[in-house]
Amino acid sequence: SEDKLRFDNRVVVITGAGGGLGKMYAHYFASRGASLVINDYGVSLKGESASSSAADKVVSEIISAGGRAVANYDSVEDGENIIKTAMDSFGRVDVLINNAGILRDKSFIKSTDRDWDLVCQVHLNGAFKVTHAAWPIFRAQKFGRVINTTSPAGIYGNFGQASYSAAKHALIAFSDTLSQEGSKYNILVNCISPIAASRLTETTMPPEILKVLDPKYVVPIVAYLSHESTSATGGLYETAGGYINSIRWELSKGAVFKPDSSFTPAAVKSRYSEITDFTSGNKYPDFKHGVDYLGLMKQAMTQSSNVHDEELCFKDKV
Ligand code: NAI
């Protein structure tokens, strides 16, 4: 129908597209006219035993359905090779979906350096490497769409996932910064936090829940954010089972202290409940790039009387 989003002549690179969510995205974009780079290192959930079969399978499915796709078997840690595959095969890149991922869940006390390094390498450094290789191409053509994949663990934290949550949270900040650097070149960068039935979740949720969480329900927001008609950038969206929301930070009203010798740890202690007060009326609904510190400083300076520079010391009177 008319209202279908099309991706004709677009080249879409999807990392970790050999299974789970990435494979769903791949089939969607191929069915809407895009040429696909199906990257998959073909590893186990823990990131071991690389193979080419996962990517090959999705490529042959797409081709037999009449679509266009090529495989790439590199780890996202070698992101430049993935972008090279796109350039060699199709001569451009328009959309990059950073989706590859592994898990090495352990309580923090049992986590090893290797678990930490591998998880950060794949999720965070991998997204960096692929995006960094695509960025000059996006800039030169003044078009680019990047979707980074965080997780509820990356937003809220999760027991047993210190490495994963840290790497995933970092991707939110990565997206925010790139959205600021990219907007003037029509490079739009967003972050999604999906929940979906895949090998990643099959052991952690009951079958009746997993049925509702079909990965196909994550496709629509990813497609919209990847389309040429979108202007959304710097967003964070949770999506699962047909529900999509948008997340932003909330600031408490905060407390303004006189910048003089009365500004002590004891003063912080006595006004701590004000500092952490989130009751209504204290919201900053429109802030995007953080607090107006200059405004607050001016406010503080007008509140204080006869402040001398030498009083701007932090003498603890506790
Ligand atoms: P999945 O395990 O089914 O798919 C991930 C794919 O990434 C696999 O095919 C794997 O071979 C590939 N991969 C792993 N390391 C790679 C590397 N170094 N280079 C290239 N490919 C690599 O997992 P799923 O569920 O599809 O997850 C996709 C993304 O969504 C991941 O980033 C995951 O952390 C994230 N996510 C998934 C959730 C879910 O409920 N399924 C929840 C929150 C986040």
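1. Burial and overall make-up. Buried residues account for 38% of the 318 residues in the protein chain. A residue is buried if 20 or more other C-beta atoms lie within 10 Å of its own, exposed if 12 or fewer, and partly exposed in between, with C-beta atoms placed from the backbone. This is a predicted model: local features need pLDDT of at least 70, side-chain atom pairs count only at pLDDT 80 or more, and totals for chains, interfaces and linings use all residues. Residues are numbered from 1 along each chain as its sequence is written.

2. Secondary structure and contacts. The protein chain has eleven helices and eight strands. Helices (H or I, at least four residues) and strands (E, at least two) are DSSP runs, numbered from the N terminus. Among contacts between residues at least 6 apart in sequence, 69% join residues at least 24 apart. Two residues are in contact if their C-beta atoms, placed from the backbone, lie within 7 Å.

3. Annotated span. An unreviewed UniProt entry places "domain: Ketoreductase" at residues 10–203. UniProt positions are given in the numbering used here, feature names are shortened, and annotations may be inferred rather than shown by experiment. The span is 47% helix and 17% strand, and its end C-alpha atoms lie 36 Å apart.

4. Strand β6. This strand covers residues 187–195, and nine of its nine residues are buried. One side carries I187, V189, C191, S193 and I195. The other carries L188, N190, I192 and P194. Both faces are covered. In a regular strand the side chains alternate between the two faces of the sheet.

5. Neighbours of β6. Strand β5 (residues 144–149) runs parallel to β6 and is joined to it by six bridges. Here V146 stands opposite V189. Strand β7 (residues 236–240) also pairs with β6 in the parallel sense, over five bridges. In β7, E238 is the bridge partner of S193. Two strands pair if DSSP finds at least two bridges between them.

6. Helix α1. Its twelve residues (20–31) reach 17 Å from first C-alpha to last, close to the 16 Å expected at 1.5 Å a residue. The expected span is 1.5 Å times one less than the number of residues. Eleven of the twelve residues are buried, among them K23, Y25 and H27. Just after α1, G33 takes a positive phi of about 95 degrees.

7. Ligand shell. 33 residues surround the ligand, and the closest are G16, G20, A100, G101 and S198. α1, α4 (113–141) and β6 are the elements that give two or more residues to this shell. α1 gives the most, with three. A residue is near a molecule if its C-beta atom, placed from the backbone, lies within 6 Å of it. The shell divides into 13 nonpolar, 17 polar and three charged residues. Ala, Val, Leu, Ile, Met, Phe, Trp, Tyr, Cys and Pro count as nonpolar, Asp, Glu, Lys and Arg as charged, and the others, Gly among them, as polar.

8. Helix α6. Its 21 residues (162–182) reach 30 Å from first C-alpha to last, close to the 30 Å expected. Its buried residues include Y164, K168 and F174. The buried residues of α6 pack against α4, β5, α5 (152–156) and β6.

9. Positive phi outside glycine. N9 has a phi near 65 degrees. N9 lies in the segment before β1 (11–14) and is exposed, with 11 other C-beta atoms within 10 Å. N186 has a phi near 60 degrees. N186 lies in the loop between α6 and β6 and counts as partly exposed, with 16 C-beta neighbours inside 10 Å.
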